[in-house]
Amino acid sequence: MTFRGWPSAARRLSGAACCLLPALAFADSFQLTAQNDSGFGTDRGYTSGVRLSHLWETRVPDVPRWELGVVQQIFTPDTKVDPQARTGRPYAGRLLLFGARHAGGDGRLDTLEASAGVTGPSALGEEAQDFFHRFISSPATDWSNQLHDRFDGSVGATATRRLALSDTMPLALAGHAGASLGTVASHVHAGAEIRWGAAGAPYSEALRLASTPVTNAGKALGFAAFAGASVRGVLRNRLLVRNAGDAGADLDREDAVARYAAGASWSAAWGTTSFALVQESHEVSRQPYTMRFWSLSFALPLD
């Protein structure tokens, strides 16, 4: 089902996002995650993502935490290699409101989430990219042939389990598995990572492929590092429904995409920061590049 002429949809979503800002003053935690491929000399594929949320924390064990926020993602063809964008994935933006429930305990984190929004011009992908390109040098882009407005909704679940590998060293193995079913994108995924550091240190969204609390109830846990990989089986991806420069040419989508990530986090009394470098395998056949981007998250307790 396709929706056209949604100029008011972006205003509604933006207004809803702005309504979150006053609540942040009374929130237990404010979270911001930014992802971008700048720094790798590229501007292609999944080129930018921003997630802003309010997390209701709890210091009581086994009591779920709740998260509410907004996320915007931007996808483009490889304009540095092909400035006219004659081939590759089409321009697309996503703007979503999401809610998540995070249940945790000793060595586990379970996330249930749902989102609703729009993919297309009303997601303001072109406007957001133009703004960032004022500060980041990049070739000119042409969004005139971007994907049309479409309702974008999904539900998903991700489970994480941690197993200590040593009684004398802070070394552990963590596994992640989950699924997301949506009108625009659907997938199942599984992965694992080696972790070094505090047992309660936050996980990264980069390998959980789901909204992830960066904080642990304001605890100053110190340093932790991780490295791992995941694979997702792609069930649906309407962001790859056609070629960037030819509305009649379909892309040959890959059914499985591998992701590799490594990073570190630091938890202190003032908050938590987490950083990761990510590389992905091809999303479409004969794709001449692999995707690389960085992911940076902050959490600031406000109580």
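Modeller: Rings of Phe, Tyr and Trp count as a pair if their centres lie within 6.5 Å. Planes under 30 degrees apart are stacked, over 60 edge-to-face, and the rest tilted. Bear in mind that this is a predicted model.

Biologist: How many aromatic pairs by this rule?

Modeller: The count is three. In one of the pairs, Tyr46 and Phe75, the centres are 5.4 Å apart and the planes are at 35°, a tilted arrangement.

Biologist: Where in the chain do Tyr46 and Phe75 sit?

Modeller: Tyr46 is in strand 2 and Phe75 in strand 3, 29 residues apart.

Biologist: Buried or exposed, Tyr46 and Phe75?

Modeller: Both Tyr46 and Phe75 are buried. Ring pairs also join Tyr46, Phe75 and Phe293 into a cluster.

Biologist: What about Tyr91 and Trp143, and why is that pair tilted?

Modeller: Their ring centres are 4.9 Å apart and the planes are at 40°, so the pair counts as tilted. Tyr91 is in the loop between strand 3 and strand 4, and Trp143 in the loop between helix 2 and strand 6, so the pair ties together parts 52 residues apart in sequence. Both Tyr91 and Trp143 are buried.

Biologist: Changing topic. What do the strands form?

Modeller: Twelve strands close into a barrel, with antiparallel pairing. Neighbouring strands are turned by 15° against each other on average, ignoring direction.

Biologist: And which strands does helix 2 touch?

Modeller: Helix 2 packs on the sheet and touches strand 2, strand 3 and strand 4. Its direction makes about 80° with that of strand 3.

Biologist: How many bridges join strand 7 to strand 8?

Modeller: Ten, and the two strands run antiparallel. Gly175 stands opposite Ala192 in strand 8.

Conventions: Residues are numbered from 1 along each chain as its sequence is written. This is a predicted model: local features need pLDDT of at least 70, side-chain atom pairs count only at pLDDT 80 or more; totals for chains, interfaces and linings use all residues. Side-chain values use heavy atoms; hydrogens and water are left out. Rings of Phe, Tyr and Trp (its six-membered ring) pair if their centres lie within 6.5 Å; planes under 30 degrees apart count as stacked, over 60 as edge-to-face and the rest as tilted. Helices (H or I, at least four residues) and strands (E, at least two) are DSSP runs, numbered from the N terminus. Buried means under 20% relative accessible area, exposed over 50%, partly exposed in between (1.4 Å probe, protein chains only). Two strands pair if DSSP finds at least two bridges between them. Axes are lines fitted to C-alpha atoms, for helices over the stretch in contact, and angles run from 0 to 180 degrees between N-to-C directions. Contact means heavy atoms within 4.5 Å.
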